[in-house]
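Reader: I've got a model open and I'd like to talk through its side chains with you. Can we start with the sulfurs and work towards the rings?

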Amino acid sequence: MAARKTTKKPNVSAEELKTYYREMLLIRRFEEKAGQLYGMGLIGGFCHLYIGQEAVVVGLEAAAQDGDKRITSYRDHGHMLACGMDPGGVMAELTGREGGLSKGKGGSMHMFSKEKHFYGGHGIVGAQVPLGAGLAFADKYKENGGVTFTYFGDGAANQGQVYETFNMAALWDLPVVFVIENNQYAMGTAQARSTSSPDIYVRGEAFGIPGEIVNGMDVLAVKAAGEKAVAHCRAGKGPYILEVKTYRYRGHSMSDPAKYRTREEVQKVREQSDPIEHVRELLLTGKHATEDDLKAIDKEIKEIVNQAAEFSKESPEPAVEELWTDIYA
Ligand SMILES: Cc1ncc(C[n+]2csc(CCOP(=O)(O)OP(=O)(O)O)c2C)c(N)n1
Ligand SMILES: [Mg+2]
């Protein structure tokens with residue numbers, strides 16, 4: 001993983017940096033709260049936290065335009081928050097309440113937003129990849145200039161359907177950015193134990209799809225790579241692959257004690273590459289913000305997350321009649 005230190009001074013405004021700081025912090029604090037509520041028994045079922053990977057989605061959302069689409073796996077809370085979905089609605093879905101974005105009937109892995117063009121939330125590893133190409137096919141057919149961000153993990157990248165999708169996306173020049181969120185583990189399996197090459201994006205070459213490695217702990221690097229990928233897609237040149245090297249601090253899901261790696265390994269990444277600390281440092285050393293300014297932002301985010309948690313506890317359980325709505329049979 002690339003180190004945190006940025007050698008040259010980035011050409012970025014104070015406001016922009018503060019926005020990224022705020023957005024990444026919202027995801028981190030939201031996920032920490034979700035972890036607490038899970039521990040208290042208020043969230044049941046599967047719950048996969050995104051802590052450590054915040055710069056990936058925040059950087060790419062900064063490169064997106066209105067109308068662009070996004071689709072991802074079960075590790076999806078960060079993607080929802082970053083595209084502007086309501087934290088209270090997401091948290092109440094986690095607790096299975098009426099005020100949840102799927103009326104409490106979907107849970108962590110099954111939320112969608114037509115308004116924000118968020119297409120899930122998919123529990124079957126890799127399933128979102130052909131779906132993402134399908135969304136891009138629709139945009140191309142309608143000639144609306146839209147681009148679809150299709151996120152998947154390093155583990156999912158070993159699935160056959162990914163390569164069937166690469167073939168069709170390249171053949172039809174679909175406007176899709178394939179984002180491989182390489183957090184180095186697929187459940188308890190380290191990438192080196194499951195994957196034939198250290199870099200995955202190179203597999204795109206076989207299909208004529210360009211791609212690159214991105215430092216996923218540096219939100220500015222992610223945004224810059226995202227802009228390049230999106231420009232490629234919007235110019236009608238077909239798909240692009242971003243292999244974003246990142247790291248998840250927590251276990252695969254809330255039920256994973258993560259015994260397959262050492263505490264020291266996680267601690268080292270936290271200390272040397274944390275994406276939020278990186279922006280914090282840029283803000284402070286560039287004199288774009290004072291410690292007090294950052295404290296005020298921390299307080300503001302804490303408040304948003306506390307309100308989301310309160311709402312998720314106070315919202316009632318869905319009524320029994322809800323069992324008969326939103327079904328297609
Ligand atoms: C088709 C399928 N096979 C296996 C699983 C079980 N499973 C859930 S997550 C996962 C690992 C995926 O890892 P990765 O793609 O790297 O994503 P990450 O969890 O690291 O975000 C596996 C094998 C599944 N959900 N679907
Ligand atoms: Mg992974």
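Reader: Which cysteine sulfur is closest to the sulfur of Cys83?

Author: Keep in mind that this is a predicted model. A disulfide needs two cysteine sulfur atoms within 2.5 Å. The sulfur of Cys83 has its closest cysteine sulfur 18 Å away, too far for a bond, and that partner is in Cys47.

Reader: Is Cys47 buried or exposed?

Author: Buried means under 20% relative accessible area. Cys83, at 11%, counts as buried. Cys47 has a relative accessibility of 1%, so Cys47 counts as buried.

Reader: On to the rings. What kind of pair do Phe152 and Phe178 make?

Author: The structure holds 10 aromatic pairs, this one among them. Planes over 60 degrees apart count as edge-to-face. The ring centres of Phe152 and Phe178 are 6.4 Å apart and the planes are at 75°, so the pair is edge-to-face.

Reader: How far apart in sequence are the parts that this pair ties together?

Author: Both Phe152 and Phe178 are buried. Phe152 is in strand β2 (residues 148–153) and Phe178 is in strand β3, so the pair ties together parts whose separation in sequence is 26 residues.

Reader: And what about Phe166 and Phe178, what kind of pair is that?

Author: Phe166 sits in helix α6 and Phe178 in strand β3, 12 residues apart, and the pair links distant parts of the chain. Phe166 is buried, as is Phe178. Their ring centres are 4.8 Å apart with the planes at 50°, so the pair is tilted.

Reader: Which residues form one aromatic cluster?

Author: The two pairs we've discussed share Phe178. The cluster takes in Phe152, Phe166 and Phe178, along with Tyr163 and Phe207. Written out in order, that's Phe152, Tyr163, Phe166, Phe178 and Phe207.

Reader: Which residue's charged end sits over the ring of Tyr185?

Author: The cut-off here is within 6 Å of the ring centre. The charged end in question is 5.4 Å from the centre of the Tyr185 ring, and it belongs to Arg261.

Reader: Last one: which elements give two or more residues to the nonpolar patch?

Author: The patch covers about 590 Å² of surface and is made by Phe137, Tyr141, Met168, Leu171 and Trp172. Trp172 is in the loop between α6 and β3 (176–182), and at 40% relative accessibility it counts as partly exposed. The elements that give two or more residues to the patch are α5 (128–142) and α6 (160–171).

Note on methods. Residues are numbered from 1 along each chain as its sequence is written. Chains are lettered from A and ligands numbered from 1 in the order in which they are written. This is a predicted model: local features need pLDDT of at least 70, side-chain atom pairs count only at pLDDT 80 or more; totals for chains, interfaces and linings use all residues. Side-chain values use heavy atoms; hydrogens and water are left out. Patches are made of residues with over 30% relative accessible area and no salt bridge: like charges are joined within 9 Å, nonpolar side chains (Val, Leu, Ile, Met, Phe, Trp, Tyr) within 5 Å. Accessible areas come from the Shrake-Rupley method with a 1.4 Å probe; for residues, only the protein chains shown count as cover. A salt bridge is a side-chain nitrogen of Lys or Arg within 4 Å of a carboxyl oxygen of Asp or Glu. Helices (H or I, at least four residues) and strands (E, at least two) are DSSP runs, numbered from the N terminus. Buried means under 20% relative accessible area, exposed over 50%, partly exposed in between (1.4 Å probe, protein chains only). Rings of Phe, Tyr and Trp (its six-membered ring) pair if their centres lie within 6.5 Å; planes under 30 degrees apart count as stacked, over 60 as edge-to-face and the rest as tilted. A charge sits over a ring if NZ of Lys or CZ of Arg is within 6 Å of the ring centre and within 35 degrees of the ring normal.
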